[in-house]
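Here are a few notes to read with the model open beside you. Take them one at a time and find each spot as you go.

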Amino acid sequence: MINISNISKAYNGVEVLNVEELNIPKGQNFGLVGNNGAGKTTMFSLLLDLIKPTTGEITNGDIVVSQSEDWKPYTSAFIDESFLIGYLTPEEYFYFIGDLRGVEKSEVDELLAGFEDFFHDEILNQKKYLRDLSKGNQKKVGIVSALIGNPEVIILDEPFANLDPTTQIRLKKILSELTQQQQTTVLISSHDLMHVTDVCKRIVVLEKGKVVKDIKTNEATLKELEQYFSQ
Amino acid sequence: MFKRFISLQWKQFRRSSYFEAAIAIKILMVLGILYFGGIAILSGVGGYFLLQKVFPEVDPLLTLNQFLIYWILFDLGLRYFIQQMPVINIKPLLIVPIKRKKVVQFLLGKTAISFFNILPLLFFIPFSITLIVKGYHPLYVIAWFLGILSLIFLNNFTVYLINKTNVYFILIVGLVLAFIGLQRYEIFDITTYAQVFFFGMYSQPIWVLLPVLLMILAFYANYQYYLQHFYIDGAISKKAEKVKALNLKFVDKFGKIAPFLKNDIKLILRNARPKQVLLTSFFFLFYGLFFFTMDVYKDSPALLAFASMFITGGFLLTFGQLVPSWDSEYYKLMMSQNVPYREYLKSKLVLMIFAVVVSTILSLPYLYFGWDIYKLILAGASFNIGLNSFITLYGGALNRVPVELNAKAKAFQNTNGFNVTQLLISLPKILGPIIIFFIPYYFISFNAGIITLALSGLLGLIFQNQFLNLIEKLYQKQKYKTIAAFDEKK
């Protein structure tokens with residue numbers, strides 16, 4: 001589904017990311033881990049064509065993301081709060097995203113009904129603007145909005161950060177279910193090794209902009225990762 | 001300590017993406033500064049002789065002093081709109097061992113180095129020198145100059161005290177209009193009374209103490225205010241606003257652009273900055289009063305054409321110059337979602353055109369000045385709808401200033417969406433209607449000028465697609481730059 005080839009990004013001559021080859025097949029639950037500055041957010045920003053690659057290209061579907069915008073209808077993402085529109089209520093925001101993705105209001109309502117547990121009565125019908133919600137609740141809105149319109153590719157940067165333990169567990173369930181039909185490709189990044197090994201079928205470790213590990217998740221993975229990061 | 005603040009400020013200025021503008025813009029900036037400075041100095045030197053020529057039997061200093069009151073009020077009104085408290089990021093300073101007094105003192109001191117303070121000095125210094133050369137008593141001239149200097153800084157500090165609410169602004173505008181009206185109908189002439197005071201600063205220098213004291217008072221009031229408000233605004237008792245429910249069903253009729261239009265309407269109604277713009281554009285409606293009432297402009301219809309454009313173009317200009325900056329807070333979302341540029345732009349365009357139409361209707365009272373004037377306003381509206389809208393949107397795309405939507409009255413966090421790039425972009429908007437009107441007016445007739453100006457708007461409608469394509473291309477070309485600029489935290 002996603003093909004990264006010879007991609008690199010340098011700021012003022014300093015390389016922050018350099019990935020020679022990375023293929024993410026359709027339906028994979030893909031996890032990206034690495035310390036601060038390893039290049040996780042840079043990689044996601046490149047995937048979304050928010051920054052310009054210094055070399056190489058990324059294809060999403062069959063489309064080179066920096067050359068055409070045709071990948072947008074089937075791709076969705078939540079990177080940080082700058083993906084939220086502060087002066088809208090959560091409902092208005094969901095409907096707006098629905099409008100952009102060609103999803104009817106009633107369909108959005110249907111989807112939201114399925115997330116009642118996840119929202120924990122703190123999101124819908126609160127008569128609050130998004131800018132007045134707490135960081136955790138904002139994140140919940142962002143994550144759910146990324147699921148509107150059955151996207152084929154979903155990109156979430158640090159989805160577990162700022163969430164309370166209950167919601168983290170619920171989110172893990174949601175993310176695992178998404179890829180069950182092998183139709184949706186999910187890409188997440190995280191600092192929480194346990195969550196990532198629970199959710200992702202494949203984990204790639206970045207260090208200083210380079211891929212240093214590419215693991216198919218199994219029972220030993222968590223140990224392996226812990227060992228790697230405690231070096 | 002001050003040295004460290006200055007170096008911090010310099011770094012913030014030097015390292016902002018705005019500063020790394022294209023070399024061409026930098027050159028134009030320098031030229032602009034030289035131009036305005038040059039004009040000020042020239043009129044400072046030549047002002048004395050000019051006044052002597054226009055009013056031969058009156059002492060030029062007396063004439064100048066007569067009109068200073070209007071200059072003071074006008075200056076205050078202008079500052080009200082444009083001059084903002086310089087932004088300094090106080091959060092990191094709150095918890096380190098620096099005396100708050102120092103920070104506030106630095107902040108207030110920094111306001112002294114402002115375009116608004118320097119420009120009048122460029123006029124008054126050469127003017128005072130001319131006075132001395134012409135044989136006025138040097139000590140008295142210096143006293144008078146000190147008085148003027150105090151008044152400049154009085155305005156400088158007063159504006160920070162009053163720009164938190166709009167009441168004072170309405171008061172100032174009302175005062176100016178009342179004075180002009182009373183003077184025109186010869187009921188009460190403020191200038192003769194003001195003259196006594198202003199000339200008094202020269203003839204009896206003891207008068208100078210008044211503005212000096214007032215200036216010190218204004219400084220102290222500011223100092224107290226900012227010392228007390230030296231906190232992260234709202235961090236302690238953050239109140240969530242009540243949601244204003246809006247029924248925007250009727251917008252659905254606009255089809256594809258409806259989702260954007262709905263958003264834009266909410267954007268304007270629910271955020272402090274756009275509301276400010278709405279109010280500003282309302283004041284543009286009164287712009288004509290300055291021009292149409294003054295005899296000086298009666299014989300220069302080209303300037304009247306310019307004024308007419310302003311009357312209906314308030315919202316178009318002030319809102320349009322910040323497209324796409326209005327969406328800067330969530331620009332990454334817009335760029336990663338399935339957002340067609342065309343629909344996005346058209347939604348803004350619809351709002352701008354709607355505002356022009358409403359302003360045209362609201363400006364019906366200008367019929368009082370005659371049918372010719374209203375024809376000019378209509379032609380100006382046509383220019384606005386057809387051409388100016390596209391010029392403004394194009395300029396807005398070059399602007400790339402992040403806008404904090406809901407920040408207005410927060411003393412330490414106000415961001416300022418006004419800069420020199422904007423000024424330069426506005427040149428075609430200002431000169432456009434003048435040139436389009438003037439050429440046929442000069443060679444054929446007044447009506448020919450009006451018809452040409454009106455037809456220029458039609459041009460925009462015919463080439464709408466081409467114009468939109470052009471702006472779209474600019475958006476695409478600048479995409480990464482814009483994202484990076486909007487990402488910059490203030």
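1. First, a term: a nonpolar core is a set of buried Ala, Val, Leu, Ile, Met, Phe, Trp, Tyr and Cys residues joined through C-beta atoms within 7 Å. Keep in mind, too, that this is a predicted model.

2. Now look for the largest nonpolar core, which has 126 residues. The members that touch the most others are A:Leu47, A:Tyr93, A:Leu130, A:Ile155, B:Met352 and B:Leu453. Helix α17 of chain B (residues 371–399) supplies the largest share of this core, with twelve residues.

3. Zoom in on A:Leu47. Leaving out residues up to four places away in sequence, A:Leu47 touches A:Ile58, A:Val65 and A:Ile155.

4. There is also a second, separate core, made of 29 residues. Among them are B:Tyr48, B:Phe123, B:Phe127 and B:Phe145.

5. Next, the place where the chains meet: 25 residues of chain A contact 22 residues of chain B. On the chain A side, helix α2 (residues 90–100) gives the most, three residues. That side has 14 nonpolar, three polar and eight charged residues.

6. Last, a helix pair in chain B. The axes of α5 (residues 100–111) and α10 (residues 209–228) of chain B come within 10 Å and cross at roughly 130°, so α5(B) is oblique to α10(B). The crossing is right-handed.

7. Which residues of α5(B) and α10(B) meet? From α5(B) come B:Arg100, B:Lys101, B:Val104, B:Leu107 and B:Leu108, and from α10(B) come B:Phe219, B:Asn222, B:Tyr223, B:Tyr226 and B:Leu227. By class, the residues of this contact are seven nonpolar, one polar and two charged.

Conventions:
Residues are numbered from 1 along each chain as its sequence is written. Chains are lettered from A and ligands numbered from 1 in the order in which they are written. This is a predicted model: local features need pLDDT of at least 70, side-chain atom pairs count only at pLDDT 80 or more; totals for chains, interfaces and linings use all residues. Axes are lines fitted to C-alpha atoms, for helices over the stretch in contact, and angles run from 0 to 180 degrees between N-to-C directions. Helices (H or I, at least four residues) and strands (E, at least two) are DSSP runs, numbered from the N terminus. Angles under 35 degrees count as roughly parallel, over 145 as roughly antiparallel, 65 to 115 as roughly perpendicular and the rest as oblique. A crossing is left-handed if the near helix is turned anticlockwise from the far one by less than a right angle, and right-handed if clockwise. Two residues are in contact if their C-beta atoms, placed from the backbone, lie within 7 Å. Ala, Val, Leu, Ile, Met, Phe, Trp, Tyr, Cys and Pro count as nonpolar, Asp, Glu, Lys and Arg as charged, and the others, Gly among them, as polar. A residue is buried if 20 or more other C-beta atoms lie within 10 Å of its own, exposed if 12 or fewer, and partly exposed in between; C-beta atoms are placed from the backbone.
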